[in-house]
Amino acid sequence: MLRKIRITLAWVLFILAILLVLDFSGALHLWLGWVAKVQLVPAVLAGSALSLIFVGLLTLLFGRLYCSVLCPLGIMQDGISYLSGRRKGKKARFRYSKELKSLRWILLVIVVAAIIFSSIGNHPILTVSLLDPWANFGRIAQNIFAPLWRGGNNLLAWVAERMDSYAFHSVDVYIKSGIAFGVALVWLVGIAVLAWWKGRVYCNSICPVGTFLGLLSRFPLMRISIDESKCTKCGVCEKKCKSECINSKKGTIDRSRCVVCFDCLDACNFGAVKFRIGSPVVVGIGTADEKETKELEDGVKELEKELSGLENTIETAMKKKRGMNRRNFFSIAALAAAASPAAVKAQQVDRILLQVDGGLTDLIDKKRPVRKSPIVPPGAQSARNMQKHCVACQLCVAACPNNVLVPSSKLETLMQPEMTYERGYCRPECVECSEVCPAGAILKITPAEKSAISVGNAFWIEGNCVVNRDNVPCTECERHCPTKAITLVPRDPADPRSLKVPAIDNTLCIGCGTCENLCPSNPYSAIYVEGNVTHHTV
Amino acid sequence: MKKTNKDITRRDFLKVAGAGAVVSVAALAGCRPAGTISAQGGEAGDIPTDQMTYRTNPHSGDRVSLLGYGCMRWPLRRNEAGEQEIDQETVNDLVDYALAHGVNYFDTAPVYVRGWSEAATGNALSRHPRDSYFVATKASNPRGPFDLEGCKAMYRQSMDFLKVDYLDYYLLHNVGSSIESFHERFVENGFLDFLIAEKAAGRIRNLGWSFHGNPEVFDYVLAFRDIQWDFCQIQLNYQDWQYPIGASVAAKYLYDELVKKNVPVVIMEPLLGGRLARVPAGAQALMRGLHPQDTPAKWAFRYAGTPESVLTVLSGMVYMEHLQENLRTFAPMEPMNEAEYAILDDVSDILANADYIQCTTCEYCMPCPYGLDIPQVFAHYNKCVGEGQVLHSSGDEGYRAARRAFLVGYDRSVPKLRQANRCIQCEQCLPKCPQGIKIPTEMERVDAYAEKLRQKLQF
């Protein structure tokens with residue numbers, strides 16, 4: 001019964017979590033945001049007391065139930081492990097294994113150190129985002145599952161179009177960042193292989209959240225225990241334990257690794273495995289706990305020694321990394337090269353030069369300009385705030401309906417979101433990213449607030465402007481600027497009737513990228529946005 | 001030049017049979033005994049091959065089918081390289097079918113379909129006896145060439161493409177923007193004199209012109225040097241007859257003037273680029289009330305074909321279904337009666353009050369140098385107007401559905417980078433529009449509407 005409840009809850013949460021990432025309509029974000037906000041690492045980074053208290057209490061009361069019903073990455077592994085167990089002869093493929101104490105503790109300390117260093121200094125939290133289970137789930141869902149989901153949607157849209165229905169509409173499907181895609185793929189394959197092989201081995205050896213909750217879950221109020229009076233030492237519970245934390249010979253359960261899945265309860269034919277309030281009356285449990293506690297205390301002492309040295313190593317490693325970043329890793333083609341040939345070429349099919357009717361001008365895709373300072377979305381407050389809080393779960397990237405947010409390729413902000421305007425611009429009615437961010441990297445804002453938050457400043461590139469290049473009037477940027485930050489002024493100051501070019505009022509520009517995206521100059525726009533390191537209101 | 005269906009050769013007949021197979025449904029319907037309608041179908045009606053209405057050109061004696069084939073919108077396909085090209089096989093099928101059912105007037109121009117129309121039309125027509133069709137083409141030089149040699153080359157090229165050694169109908173294309181332009185294109189360079197000489201030599205059988213623009217220019221050209229024009233092509237439909245919208249001139253005035261001068265009239269835009277084929281529901285109700293089976297297009301064609309001095313009504317038929325529907329209208333054509341005219345008065349009131357952009361999708365404005373698909377943007381907007389999907393206020397009933405239909409349909413029919421918000425207002429298209437649409441202004445209007453919906457603003 002308990003096991004069935006656990007599985008039902010896990011299914012529900014997993015579906016909600018995956019819908020939260022995959023939904024591109026924005027309809028579910030407000031309703032499902034809690035799924036991300038309850039996740040431990042984002043909650044720590046966001047300083048969200050409510051979530052922390054909830055997760056803490058849950059674990060103190062019931063053990064690592066979090067890992068079984070709240071962590072979508074854990075649930076995913078359960079699914080894979082279940083499938084693996086369906087193979088012939090693999091129904092009871094587990095057996096008790098020793099805890100990989102050093103690995104667990106080192107990784108936890110690295111992550112804790114990274115969070116502390118980043119909050120007091122300016123250290124990147126890449127290690128956190130690489131190890132955080134929520135971030136990994138988000139990346140896998142956004143990079144691997146979302147394209148499939150969107151492809152399916154486009155198929156439906158194709159059908160709908162032929163049925164004159166407006167129920168579905170096509171969306172763009174493309175890989176937004178090769179790095180984020182690669183990381184997601186490697187993690188998906190790695191985790192899948194581990195889960196296929198040994199169930200929750202990732203959660204109990206690598207995952208820092210697992211290790212941390214393992215600290216709290218040693219003596220939960222409600223706990224799984226083996227009633228030695230009923231136990232026949234048949235060992236079936238051990239073989240069914242995907243955490244490999246039941247030692248059936250000794251009758252002990254390592255609750256730092258137990259994810260409270262209740263598989264053992266259902267497996268036991270003698271009713272010996274129970275989930276109940278911890279009580280010394282139960283023979284054997286007390287002694288087992290005492291034994292374990294002593295073991296643990298020794299282990300911790302050993303580890304503390306090792307780790308004090310490690311902290312220093314981490315810091316020096318990080319310093320090194322930062323040094324490397326000063327080099328611009330991804331210098332794209334220089335803007336100077338942007339003076340593109342006019343795309344305008346009427347199709348000439350006649351022997352005689354006649355301007356014929358019809359046809360379409362070829363479109364040239366926009367290329368990303370070199371931005372000296374990256375643009376982070378409104379609500380992020382500053383590049384630093386983003387860098388400190390973001391676990392790179394890609395939820396905002398997935399939520400952005402305008403194709404503006406993409407994962408960064410710079411090492412110090414690797415896979416964290418930044419804005420770019422080749423495929424769209426930050427539209428005035430949209431605050432989707434601020435609604436989904438669980439980590440306090442993008443704080444909740446309203447469209448009204450957003451209209452006054454300056455995330456960047458526009459710059460005009462004289463040589464790209466079609467007014468200069470094609471000698472035609474153009475008012476595109478001026479007409480579409482939502483804050484009227486662009487005025488058109490005569491190109492030739494001496495001649496008030498000469499063609500007009502844009503002049504940008506930096507005190508009004510909010511860096512939304514409307515001008516950059518709509519600019520008719522391709523592949524490089526004649527007006528582009530540089531990010532503001534710290535956002536301000538206009 | 002007597003062309004009736006009895007003259008169809010066996011060879012032609014076989015070709016027609018082949019073309020007919022393409023449209024099996026209609027062909028099957030055609031096999032049914034005339035007038036039988038049953039629960040199994042047969043509503044579509046027969047397409048007779050010998051019932052076409054003809055009109056006679058008083059100057060040349062040509063017996064011209066009242067339905068003329070406009071060759072401005074031939075079907076396109078993608079070739080192996082992914083480039084667009086004319087779907088010549090389909091063009092052949094359409095031309096064969098049209099000829100077999102009595103259509104004998106084909107109107108093309110050097111600039112149509114990106115300059116491909118003349119060759120495609122010539123390829124299809126040259127497979128038939130030269131005396132089985134009349135072909136019309138044009139001096140399409142509103143934007144040059146202006147020198148006599150260039151103009152002559154254009155004229156000769158038309159004959160090459162059409163594979164003929166004489167042209168039945170030759171038009172000064174799109175006259176009417178200004179008297180100066182008429183002089184520059186035809187008078188000062190001696191091109192008109194050359195064409196008159198060609199007519200005398202028999203290489204042009206009928207000389208005329210097509211008109212868009214200012215009535216003063218119309219009067220001027222009609223009276224120019226007392227030339228007896230053999231025909232004139234004007235825009236005529238029930239919306240443009242007396243109180244046209246936009247830059248059109250009242251067709252009644254043009255028609256009456258032409259009758260006075262004994263100039264037969266060729267009708268273009270009888271459907272206003274298809275807009276009169278998709279009328280709002282209120283107008284539909286009026287029309288269907290009288291003739292439940294007749295489409296709005298049939299009404300519009302009959303309206304254009306009824307006046308006695310109309311020589312032919314041009315329709316750009318891209319699909320076999322269009323051709324067949326029009327053949328049903330014109331073979332034979334039943335003239336309009338007073339009750340029907342009264343209904344069209346009411347319909348045209350409804351249309352005048354609707355929010356249409358007066359685009360006929362002629363594509364003269366294309367290609368837009370900044371990538372817009374101007375006719376598609378307007379077509380989408382007009383489609384939504386026709387369906388009653390364009391909202392007057394955000395409080396309108398059905399706001400959500402209409403918003404979705406407009407925005408989703410917009411993205412489907414026009415790629416994002418070719419939509420109205422990409423118009424930079426460079427105004428290069430302005431002089432090219434024969435309907436005088438202020439394209440940049442209309443683009444701003446469409447975009448403002450789309451933006452209101454996207455941002456869910458109150459309006």
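**Exercise 1.** Find how many contacts beyond four places in sequence the model has for residues 321-350 of chain A.

*Solution.* Start with confidence: pLDDT (the predictor's confidence in each residue, from 0 to 100) stays under 50 over residues 321-350 of chain A. Next, count contacts (two residues whose C-beta atoms, placed from the backbone, lie within 7 Å): the model has 46 of them beyond four places in sequence for this stretch. Finally, a caution: where pLDDT is low, the predicted coordinates should not be read in detail.

A note before moving on: this is a predicted model, where local features need pLDDT of at least 70 and side-chain atom pairs count only at pLDDT 80 or more, while totals for chains, interfaces and linings use all residues. Residues are numbered from 1 along each chain as its sequence is written, and chains are lettered from A and ligands numbered from 1 in the order in which they are written.

**Exercise 2.** Describe the confidence of chain A as a whole.

*Solution.* Chain A has an average pLDDT of 86, and 86% of the residues reach at least 70.

**Exercise 3.** Work out how domain 1 and domain 2 of chain B are placed.

*Solution.* First take the bounds, which come from an automatic or database domain assignment: domain 1 of chain B covers 47-353 and domain 2 covers 374-454. Then take the centres over C-alpha atoms, which lie 28 Å apart. Last, look at the contact, where 10 residues of domain 1 of chain B meet 8 residues of domain 2 of chain B.

**Exercise 4.** State how many residues each chain brings to the contact of chains A and B.

*Solution.* Chain B brings 40 residues, and chain A brings 31.
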